[in-house]
Amino acid sequence: MVVSILRGLLIVFGGVYAIIFGRDYSIAAKAKKLEEDISVVKSAIIGFITNLFDTLGIGSFATSIALFKALKLNIPDKNIPGTLNVCHTIPIITQALIYTTVVKVDPLTLIVLIAAAVVGSYLGAGIISKMDEKKVQIIVGIALAVAAVIMFLSHPWIDKMPGGGTATGLTGAKLLIGAVGNFILGALMTAGIGLYGPCMAMVYFLGMSPTVAYPIMMGSCALLMPVSSAKFIKEGAYCKKVSLPIAISGIFGVIVAVKFFTGLPMDYLKLVVIVVIAYTSATMLRSALKRKS
């Protein structure tokens, strides 16, 4: 029952979001207001690679920022958080629909934590979209550093993340803590920090079984992103010409990962990604410190 409701919500949210995004892109294209000096080919390559990585558990936000910088896409730093949310929404919903088969988690816990993340993302998007570029650079730089640390600690060779427990649901104070935590993580996701790693750490700390972490993470991301992305679109705080090719190629990246790459050892690649993300974080923070207020 819960699985059917969740899949239904994913389809509805995804459909409404696709209409909002498509309409905004179409209006800009007709008015010839799409960004100039943006490579559609580079954008499509980024979408395919990052969403393939995301399906394999590496993540798409931090890797996207790193590739934006490495391939020299002309995206203002102020618009990076909005672009990340807008361009990856459809691929992540696709990913969630593919993997949502059995949800072994207490329905109340799942609903409360996902709802908290959605509300947090809506409020967070409204704040981030109005920030000046220096503040965004600082927030994104710190977010990337946090992502690199979490990925390092959770790497199989390091294995320093909390081990979790056996609970499949939360009650009382723990449910309240989980809701507040996911609310904050939903808000932070709009700044460019992925929700997967921090959410997994949180549910582990609260004593939940590792097997129930994925439904919570997946459901939170797939439902909060259409909400936060719609807010970024309304505020015009994203790069349109980058977002469409990433969204389209990202769907293929998810499908290819599911068909051909799941189950492959990714330990060495994860280490490379951690180093790249850490370097990109330092670059963003350095740019912010050099910028005058």
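Buried denotes under 20% relative accessible area, exposed over 50% and partly exposed in between, with a 1.4 Å probe and protein chains only. The model shown is predicted, with local features requiring pLDDT of at least 70 and side-chain atom pairs pLDDT 80 or more, whereas totals for chains, interfaces and linings use all residues. Residues are numbered from 1 along each chain as its sequence is written, and side-chain values use heavy atoms, without hydrogens and water.

**View 1. Aromatic cluster of Tyr17, Phe21, Tyr25 and Tyr238, linked by ring pairs.** Rings of Phe, Tyr and Trp (its six-membered ring) pair if their centres lie within 6.5 Å; planes under 30 degrees apart are stacked, over 60 edge-to-face and the rest tilted. The structure holds 3 aromatic pairs. Phe21 and Tyr25 are edge-to-face because their ring centres are 6.5 Å apart and their planes lie at 80°. Tyr25 is buried at 19% relative accessibility, and Phe21 is buried at 7%.

**View 2. The edge-to-face pair of Phe21 and Tyr238.** The ring centres are 6.2 Å apart, with 65° between the planes. Phe21 belongs to helix H1 and Tyr238 to the loop between helix H9 (213-235) and helix H10 (240-261), so the pair ties together parts 217 residues apart in sequence. Helices (H or I, at least four residues) and strands (E, at least two) are DSSP runs, numbered from the N terminus. Tyr238 is buried, at 1% relative accessible area.

**View 3. Contact of helix H3 with helix H11.** Ala62, Thr63, Ile65, Ala66 and Lys69 of H3 meet Val273, Val276, Ile277, Thr280 and Met284 of H11, where contact means heavy atoms within 4.5 Å.
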